[in-house]
Amino acid sequence: MNERKQMVVKYAHQLFIEKGYQATSIQDILDYSGISKGTFYNYFSSKSELLKAVFLTSQEKFEKERNELLIGQNLADIEIFIKQSELQMHSNKNNKIFFLYEEVMISNDNELKNFITHAKFQHIHWLSKRFLDIFGADKKPYILDCAILYSGMMHQTIHFNALAKEPEFNPTEIIRYCVDRIKSIFEDVSRSNAQLLEPDLIKQWLPECFHNQQDFHTALLHSANDLKKMILRLCQDDEAERVKNLKLIHFIQEELLQNVEPRTFLIESALLSLNTNPKLKNTLELSEFEKIIANN
């Protein structure tokens, strides 16, 4: 998205928050952003397409920051998940996402409603993957059910606590409360083998999510985590070598996740350095890490 188009999205976002999406006209957007009608329609086919761009811009920024919290961290650490949830809550609040969602859902625009529903599916998909990281593969039969329960629990608990406690509303307290509840639920449903929905149902809801950049990010983080565990195990007697290899992996992750145009020659150089270690060369973990990078 070019700079001028980004500016229009930013100004439209401000107007949608101040006046409401329905009450904001295309002429309001033209006047506020200082562009012509021709330029507007060169960028967006309709006002609803512009609103989608507002949502996607906010989501892309948030997802980048959310992924950065995982770099160099243990994916099973529930404290990282809590930080990611805090980040999402602050992002949604600052960008008035729920306010805009609610206005869409009471409108007659079925295309926008489907767009919002799709976004909700994506959130459930992300929760399912993170719960698998945190609670382990043996809990996989229950991850979709628990992701849906957690999402609903968070949404309603935030809503009623905000009504009751504003402005002393404490997001972290809510998140920890819901995380503690979902931990208990996971134990209960696994003990009783209670399942409502098959986890693979998400593939029917979001077939494209299994062949996109978001999937690459997840695969890279998982593979890097496995490789780091192996390095800690194999290089435990050589601190200098251990630190060096961990720094190389961290660099590769940052280069691929944070740069629009990753510097391929530097990534290749880092991978070459990893392969010079006889303990790592030809290992399944390093091979898988290289394969994921090569297929991106």
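The structure is a predicted model, in which local features need pLDDT of at least 70 and side-chain atom pairs count only at pLDDT 80 or more, whereas totals for chains, interfaces and linings use all residues. Residues are numbered from 1 along each chain as its sequence is written, and side-chain values use heavy atoms, with hydrogens and water left out.

**Largest pocket**

- The largest pocket has a volume of about 1,600 Å³, where a pocket is an open set of points on a 1 Å grid over the protein atoms alone, at which a 1.4 Å probe fits, with protein on both sides within 12 Å along at least five of seven lines; the volume is the space filled by probe spheres set on the points, which are joined across faces, edges and corners.
- Its lining, meaning residues with an atom within 4 Å of a point, holds 49 residues, and Q59, F62, E63, R66 and Q122 are the closest to the pocket centre.
- Among the elements that give two or more residues to this lining are α4 (47-68), α7 (110-135) and α12 (239-258), and α4 provides the largest share, 10 residues; helices are DSSP runs (H or I, at least four residues) numbered from the N terminus.
- By residue class the lining divides into 23 nonpolar, 20 polar and 6 charged, with Asp, Glu, Lys and Arg counted as charged, Ala, Val, Leu, Ile, Met, Phe, Trp, Tyr, Cys and Pro as nonpolar, and the others, Gly among them, as polar.

**Nonpolar cores**

- The largest nonpolar core has 29 residues, a core being a set of buried Ala, Val, Leu, Ile, Met, Phe, Trp, Tyr and Cys residues joined through side-chain atoms within 4.5 Å.
- α5, α7, α8 and α9 (171-192) each give two or more residues to this core, and α8 gives the most, with 8 residues.
- F81, one of the residues with the most contacts inside the core, is in contact (heavy atoms within 4.5 Å) with residues including W126, L127, F131, Y150 and V179, leaving aside neighbours within four places in sequence.

**Cysteines**

- The structure holds 0 disulfides, a disulfide being a pair of cysteine sulfur atoms within 2.5 Å; for C146 the nearest cysteine sulfur, that of C178, is 13 Å away.
- C146 counts as buried at 1% relative accessibility, and C178 counts as buried at 0%, where buried means under 20% relative accessible area, exposed over 50% and partly exposed in between (1.4 Å probe, protein chains only).

**Positive phi**

- K96, in the loop between α5 and α6, has a positive phi of about 55° although it is not a glycine, and K96 counts as partly exposed at 39% relative accessibility.
- N193, in the loop between α9 and α10 (201-205), also has a positive phi of about 55° without being a glycine, and N193 is exposed, with a relative accessible area of 57%.
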